Amino acid sequence: MTNPPTADDHDAVDILVSDHREIEAVLVELATRQGTPEHRRHLVDVVIAELVRHSVAEEAYVYPVARKVLPDGNEIADREIAEHADAERTMKELESTDASDPRFDELLTQLTAIVRGHVAEEEKELFPRLRAATAREELVEAAAKVTAIKEIGPTRPHPGSPDHPPANKLIAPGIGLVDRLRDALSGRPTSMDELHHKRQR
């Protein structure tokens, strides 16, 4: 049996796959339709924040690598970004829908389908091809950048924001600061860590 990679060994793909698993776990919980509307709203807010940070990180640091190293990288990156835009529109609508509204579950089902399709595509096609075509050191370096931008990036959907470098790298920290201020003032959750901490209490 091999030892799991240490934090220093993680590459960008490891981080993104870990994000996928955490998001999927919350989506599975939401699919049960259990809990109060407030609890479900809380879970959706966490999923939205995680999806937005994840998307910004991919667009800023992973898709540019795909464009560079894969012969069809531009086509793949453009398709992935279009899927992100589709998810952002759904998240924006879900964000403003009350959890007791029947439309809430419809939008959640729609978002879940988009996310699962996107994850399957990345994990079966994009990520293995990136690992095969990219030096490990480059993916480890990208991991540090992905982690850093997730710390300062937006936590709310902004469908009209730029989704290609360099504009998305420049705008993400500013939007992220505004989002975090709004989150703090509203008491809105912003991370899986916060969700895990609340569950342990």
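A residue is called buried here when its relative accessible area is under 20%, exposed when that area is over 50%, and partly exposed in between (1.4 Å probe, protein chains only). The structure is a predicted model, in which local features need pLDDT of at least 70 and side-chain atom pairs count only at pLDDT 80 or more, while totals for chains, interfaces and linings use all residues. Residues are numbered from 1 along each chain as its sequence is written, and side-chain values use heavy atoms, with hydrogens and water left out.

Helices are DSSP runs (H or I, at least four residues), numbered from the N terminus. The buried residues of α1 are A12, V13, I15, L16, D19, H20, I23, V26, L27 and L30. They lie on the same side of α1, because they cover an arc of only 155 degrees around its axis, the arc being that of the directions from the helix axis to the C-beta atoms. An α-helix has 3.6 residues a turn, so residues three or four places apart point the same way.

At the start of α1, a side-chain oxygen of D11 comes to within 3.0 Å of the backbone nitrogen of V13. After α1 comes R33, whose phi is positive, near 60 degrees.

The next topic is the interior. A nonpolar core is a set of buried Ala, Val, Leu, Ile, Met, Phe, Trp, Tyr and Cys residues joined through side-chain atoms within 4.5 Å. The largest such core has 23 residues, of which V62, Y63, L126, L130, V146 and I149 touch the most other members. At least two residues of this core come from each of α1 (12-31), α2 (37-69), α3 (73-95), α4 (102-133) and α5 (136-152). Helix α2 gives the most, with eight residues. Another core, of 21 residues, lies apart from it and includes L43, V44, A99 and L107. Within the largest core, V62 is in contact (heavy atoms within 4.5 Å) with A12, L16, A57, L130 and V146, leaving aside neighbours within four places in sequence.

A salt bridge is a side-chain nitrogen of Lys or Arg within 4 Å of a carboxyl oxygen of Asp or Glu, and the whole structure has 22 of them. In one, K150 and D19 meet at 2.7 Å, N to O. This pair links helix α5, which holds K150, with helix α1, which holds D19, across 131 residues. Both K150 and D19 are buried.

A second salt bridge joins E24 and R116, whose closest N and O atoms are 2.8 Å apart. E24 is in helix α1 and R116 in helix α4, 92 residues apart. E24 counts as partly exposed because its relative accessibility is 27%; R116, at 37%, is partly exposed.

R33 takes part in a salt bridge with D105 (3.9 Å, N to O). R33 is in the loop between α1 and α2, and D105 is in helix α4, 72 residues apart. D105 counts as buried, at 16% relative accessibility. Elsewhere, salt bridges that share partners join D72, R79, E80, E121, E125 and R129 into one network.

Note on methods:
A polar contact is a pair of N or O atoms within 3.5 Å; within protein, one must be able to donate a hydrogen and the other to accept it, and residues adjacent in sequence count only if both atoms are side-chain atoms.
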